[in-house]
Amino acid sequence: MPNIKSAIKRVKVNETKKDSNRVQKSELSTYIKNFKNLCAVDAEKAKAEYSNVCSVIDSACSKGIIDKNNADRKKSRLALLLNKSL
């Protein structure tokens, strides 16, 4: 446990940010999972949903939740999945 006031604050801030990042990462996973299920069921609805999923991925990337290359890789793999289902 830190003794210095600024270090104590850093611990609190890091815990808060960790919780926030975990929620956003979970939301991202849910969007991706729902998109994959939608691709298996209805390709036309998945085509319309693809832009929303990409938007969520880009948002997570801009907030620093995931890395830029990770975001690009996810979008690319989802696009391949969508094209296979069409």
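Contact here means heavy atoms within 4.5 Å. Helices are DSSP runs of H or I with at least four residues, numbered from the N terminus.

This is a predicted model, in which local features need pLDDT of at least 70 and side-chain atom pairs count only at pLDDT 80 or more, while totals for chains, interfaces and linings use all residues. Residues are numbered from 1 along each chain as its sequence is written, and side-chain values use heavy atoms, with hydrogens and water left out.

I will start with helix α2. Helix α2 has 20 residues and reaches 28 Å from its first C-alpha to its last, close to the 28 Å expected at 1.5 Å a residue; that expected span is 1.5 Å times one less than the number of residues. There is a bend of about 40° at Glu49, taken as the angle between axes fitted to the seven residues ending there and the seven starting there.

Which residues of α2 are buried? They are Ala43, Ala46, Val53, Cys54, Val56, Ile57 and Ala60. Buried means under 20% relative accessible area, exposed over 50%, and partly exposed in between, with a 1.4 Å probe and protein chains only. Their cover includes α1 and α3 (68-85). After α2 comes Gly64, with a positive phi near 85°.

Now the aromatic rings. The whole structure holds 1 aromatic pair. Ring centres of Phe35 and Tyr50 are 5.9 Å apart with planes at 50°, so the pair is tilted (centres within 6.5 Å; under 30 degrees is stacked, over 60 edge-to-face, the rest tilted). Phe35 lies in α1 (residues 5-41) and Tyr50 in α2 (residues 43-62), so the pair ties together parts 15 residues apart in sequence. Phe35 is buried at 1% relative accessible area, whereas Tyr50 is partly exposed at 21%.

Conventions. Phe/Tyr/Trp six-rings, centres within 6.5 Å; stacked < 30°, edge-to-face > 60°. Helix = DSSP H or I, 4+ residues; strand = E, 2+ residues; numbered from the N terminus.
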